[in-house]
Amino acid sequence: MTLGEGHLRRRFATFGWYTTLVALSVVILFPIYMLVLRAISSPIAFINAGQPLRLVDPEWDIFSRAWNDAGLARAMLISVVVTAVIMVGQFLTSVMAAYAFAFLEFPFKRLMFAVVIGTLLLPIEVTLIANVRTIRDLGWLNSVQGLSVPFLATALGIFLIRQGFMAVPRELRDAATLDGFGHLGFMFRVAVPLAKPVIGSFLVISFLSAWNQYVWPRNATDEGAWQTVQIALRTLTTTRVDELNLAFAGAIIAALPLVLLLIFFQRQMVSGLTAGAVKG
Amino acid sequence: MTTTLGGAPDRAPKRTSQKVREGLLGWLFLLPALAVFVAFFYYPLYLLVDMSLHRENRFGIGDPPYVGPSQIVDTLTGSDFIEGLTNSGLYMVYTVPLGLVLGVLLAVAANRRLRGIRVFQTIFSSTVATSVAVASVIFFTLVNPEVGYFKDVSWLSLDNPDWALFSVSLSSVWQNLGLTFIIVLAALQAIPAEMEEASALDGYGPLRHFWQITVPLISPALLFLAVVLVVHALQAYAQIELLTNGGPGTATETLLYKIADPQGIRSIGTKASMSLGLFVLTAVVAAAQYGLLSKRVHYGD
């Protein structure tokens, strides 16, 4: 084989890979392109024009209309509050429980660890019917506590953060005791900072699963005012059938926080997803 | 125990009280998580059993009478449950293998030194920015029978009872792509470069290299992904509700759709019994999941 031939072959392979990459990109981007097109185009004009692959009679105010008139602002607020409560709650309960399992000796420790892991058998899909009854009995239907309290602890968080804590050198623990650190001081000034990468990954998972929730908020609310943004999307597709572009614009708005996360925290997002992609 | 304590009379009391304090602290730290687990994970399991042993009357008035396990048996052998089970199973068949193959394809294509490869990697990851509801609205623009772009393509038609579930499942395949891509790419990038050179020296062609070197090395990641995708398939709900409402007829009602029962056509006892069926199914998947999780920890950082 001459040098020229190898060179040619490499250029041919490069061309082939670029073609593959572009083809795959089109498959992934086409649905998103359609969403944007349909959100901005006037719905009736778009259908009448035979669904072309370009904007038809663009209505640029659709995003402000979805935000102001279709209730997206309120729904986004509910989603933000519920997600924040769940993230803070999961962080605190997971760090404390993980600390107990990693650094403390207490009666029934092994049994309690089994109790934590056992919750993996009982995801919200299984307990849905029963938890709806509990929430109703507590008078928590249509409330922030009803939307968030069942998710304030998670086995995955305890498990991941415990792994992070167990990597903290034993000598550090002993040295900290000598310095007169209490357990709380050691937890928040030494253990948590050292376990930052794992905690960061966990918070990404926590954010994604809380923000994307559907089946629980769908069943824990029956009033429009308490809908999270994911549920509001369904309401828009079923109640505003003449203005479906509101729902399409709403989907773009609902995805924005995740797009920002992907842009600014790409590294944490990748490590979070690879650490324990249990829920999407 | 008591003899050792007696053997060190002056140190033992202090140690014991320290031990008691540490034990109390351990329980104190565990308590918040435990309270949530008891109230919203274990107590509901008891409630489910209780609900499925009682049969509510049509109007839900008064205490429902005890009927024993007959309601569970009737429900889990009934055609409604079997249909849900079949649809959930089909959803797995439609989404898991295709998801894995496409994930590997994307990752292999994007794992090379080419100019602008980061752009392609970002595009391939992009679907992780969608929730199930958002992905469903996106596919609404494609497959909705009235306004969808592909409304005239028969094998994508949501009006066709034989193809509707498959059509819905494509939204999940698409939505899962970002996640599968990210995980397979991470696994590919963890393969040491020497492996590449060694197999080239041994005269392996690209296909032989892929099957004999790459696939075995990324198989733990693929196994992990398979479990994740199975879990996602079992959770399929929003895409059904947004795209078909379970129809045509009941052709796209998954197990979870029947349990959540948005039209409110099933009794509490039936839904509770179905939940117990889903619980058994989940237990099998969770066992696999836990096995993988502890294995990852074994090899992990």
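Predicted model: local features only at pLDDT ≥ 70, side-chain atom pairs only at ≥ 80, totals over all residues.

**The interface between chain A and chain B**

- About 8100 Å² is buried between chain A and chain B, and carbon and sulfur atoms account for 77% of it.
- The size of an interface is often given as the accessible area lost when the parts come together.
- Polar contacts across the interface of chain A and chain B number 14 residue pairs, with both residues at pLDDT 80 or more.

**Salt bridges**

- Over all chains, the whole structure has 15 salt bridges.
- How many salt bridges are there between chain A and chain B? The count is three.
- One salt bridge joins the side chains of Arg234(A) and Glu241(B), with an N to O distance of 3.3 Å.
- Arg133(A) and Glu56(B) also form a salt bridge, and their closest N and O atoms are 3.9 Å apart.
- This second pair crosses between chains: Arg133(A) sits in helix H6 (residues 124-137) of chain A, while Glu56(B) belongs to the loop between helix H2 (12-53) and helix H3 (70-77) of chain B.

**The second largest cavity**

- Searching the whole structure turns up three cavities of 30 Å³ or more.
- The second largest cavity holds about 70 Å³ of space.
- Which residues line the second largest cavity? Among them are Ser79(A), Val82(A), Thr83(A), Leu147(A), Trp211(A) and Pro217(A).
- Two elements of chain A, helix H4 (72-103) and helix H11 (196-212), each give two or more residues to the lining of this cavity.
- H4(A) gives the most to that lining, with three residues.
- The lining of the second largest cavity has five nonpolar and five polar residues, and no charged residues.

**Backbone details in a loop of chain B**

- The loop between helix H10 (238-243) and helix H11 (255-260) of chain B contains Pro248(B).
- Is the peptide bond from Gly247(B) to Pro248(B) cis or trans? This bond is cis, and its omega is near 0°.
- Asn245(B) also has its place in the loop between H10 and H11 of chain B.
- Although Asn245(B) is not a glycine, its phi is positive, at about 55°.

How values were computed
Residues numbered from 1 in each chain as written. Chains lettered and ligands numbered in written order. Heavy atoms only, no water. Buried area = accessible area lost by both parts, 1.4 Å probe. Salt bridge = Lys/Arg side-chain N within 4 Å of Asp/Glu carboxyl O. Polar contact = N/O pair within 3.5 Å; in protein donor to acceptor, adjacent residues only side chain to side chain. 1 Å grid on protein atoms, 1.4 Å probe; cavity = no way out; pocket = protein on both sides within 12 Å on 5 of 7 lines; lining within 4 Å. Points joined across faces, edges and corners; volume = space filled by probe spheres on them. Helix = DSSP H or I, 4+ residues; strand = E, 2+ residues; numbered from the N terminus. Nonpolar A, V, L, I, M, F, W, Y, C, P; charged D, E, K, R; others polar.
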